[in-house]
Amino acid sequence: MKLGDTVTDLLGFTLAEMGDYFLSQGFKKFNAAQVFDWIYVKKARSFDQMTNLSKDLRQFLENNGSIDRLDIKQHQISSDGTRKFLFGLPDGVSIETVLMIQDYGMSLCVSSQVGCNMGCSFCASGLKKKQRDLTPGELVAQVLTAEDAALTKVTHVVVMGTGEPFDNYDNVIRFIRIINEAKGLAIGQRHITVSTCGIVPRILQYAEEPIRSNLAISLHAPNDELRTRLMKINKRYPLAEIIDACRVYFEKTSRRVTFEYLLLEGVNDTLAHADELSDLIRGLNAYVNLIPYNRVREFAYERTDMTRAMAFFDRLMKRGIAATLRKEQGGDIDAACGQLRLKADS
Ligand code: SAH
């Protein structure tokens with residue numbers, strides 16, 4: 001393959017789409033299952049490894065297709081085993097992806113865009129405007145490249161890296177369908193979570209998707225006045241609309257929504273805020289994931305200390321709201337939530 005040729009990124013196809021593609025090129029539909037197996041199960045890195053394909057098909061793929069991994073520009077390993085990758089893309093931009101060791105498996109946090117336009121006041125990812133959306137193939141390549149580099153199998157995927165997944169909706173949904181393919185990576189729908197800052201029409205659309213991956217919503221404040229100060233998207237989609245959309249989501253999917261709630265010292269972390277939050281989400285089938293704030297040097301926010309965080313947690317529980325306190329990982333290599341950013345050279 002030469003630079004400048006138009007190549008088809010095979011990583012961006014679901015199995016059915018790959019079958020249609022092969023048919024349209026004069027090959028057989030069933031070739032897709034073979035190629036899927038080579039890419040995702042046998043982990044072939046080149047077409048000449050795909051020995052059960054006809055010579056013609058291999059030659060065709062050599063000339064027209066790509067299964068390229070991403071270019072690893074940096075690979076850092078934290079003291080807790082968390083890995084952060086800086087991946088370079090062909091057009092010169094770069095993205096970050098984080099691989100975490102969990103009790104239940106290996107969880108990968110993928111980026112959905114290069115930069116982010118949501119402009120949340122506490123998040124490093126929004127410091128640089130969105131340069132572009134990531135393609136489905138680039139999303140899939142984050143998984144394959146991380147698996148190769150860490151010699152592991154990714155069992156869980158969270159779309160919580162840089163970018164707003166619901167601002168790149170179609171590509172993210174296609175990505176989920178691809179990694180969920182039983183003949184491919186076979187990552188279960190309950191092992192995939194998309195996190196949004198609250199783009200209401202997309203929450204409603206997500207409720208209709210046949211693949212029932214999990215939904216997390218970055219709430220971070222229990223009233224509109226405070227939430228708008230923290231997250232400008234709240235002007236467009238205020239809390240009442242988000243809560244209504246969650247109700248619809250639950251009616252359609254019977255799946256519990258996760259509300260992420262960042263604890264910012266002296267800003268949103270008093271017991272009065274916990275009470276207000278309980279009232280806001282009472283009756284919804286939801287739970288709150290409390291996130292300790294990770295410092296971002298450009299912002300003045302401070303992390304709530306553990307005693308106060310526990311008091312907030314207890315208060316929610318006392319008021320009948322299920323909650324968890326997120327374990328922090330990868331803080332020493334700036335791989336924790338909200339610390340992913342566009343590098344200066346990209
Ligand atoms: N745009 C999506 C997904 C990316 S952010 C969203 O908003 O949900 C993933 C999560 O990390 C969000 O809940 C986000 O609010 C949170 N986050 C952002 N900055 C953070 C920080 N500095 N410390 C901890 N969490 C942060």
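Is His 220 buried or exposed? His 220 is buried, with a relative accessible area of 5%; buried here means under 20% relative accessible area, exposed over 50% and partly exposed in between, using a 1.4 Å probe and protein chains only.

Some ground rules before going on. This is a predicted model, where local features need pLDDT of at least 70 and side-chain atom pairs count only at pLDDT 80 or more, while totals for chains, interfaces and linings use all residues. Residues are numbered from 1 along each chain as its sequence is written, and side-chain values use heavy atoms, with hydrogens and water left out.

**Around the ligand**

His 220 sits in the loop between β11 and α7 (224–230); helices (H or I, at least four residues) and strands (E, at least two) are DSSP runs, numbered from the N terminus. There are 21 residues around the ligand, and Ser 195, Ser 218, His 220, Tyr 293 and Asn 294 come nearest. To be near, a residue needs one of its heavy atoms within 4 Å.

Here are the polar contacts, meaning pairs of N or O atoms within 3.5 Å; within protein, one atom must be able to donate a hydrogen and the other to accept it, and residues adjacent in sequence count only if both atoms are side-chain atoms.

| From | To | Distance |
|---|---|---|
| Ligand nitrogen | Phe 122 polar backbone atom | 3.5 Å |
| Ligand nitrogen | Gly 163 polar backbone atom | 3.0 Å |
| Ligand oxygen | Glu 260 polar side-chain atom | 3.3 Å |
| His 220 side chain | Glu 260 backbone oxygen | 3.3 Å |
| His 220 side chain | Leu 262 backbone nitrogen | 3.0 Å |

β10 (192–196), β12 (257–263) and β13 (286–292) each give two or more residues to the shell around the ligand. They belong to an open sheet of 10 strands with mixed pairing, in the order β3-β4-β5-β6-β9-β10-β11-β12-β13-β14. Two strands pair if DSSP finds at least two bridges between them. β3 (71–77) and β14 (323–325) stand at the edges with a single partner strand each, so one side of each has no neighbour in the sheet.

β12 and β13 run parallel and share 7 bridges, with Glu 260 standing opposite Asn 289 in β13. In β13, 6 of the 7 residues are buried. β10 is joined to β11 (residues 214–218) by 4 bridges, again in parallel, and Thr 196 has Ile 217 as its bridge partner in β11.
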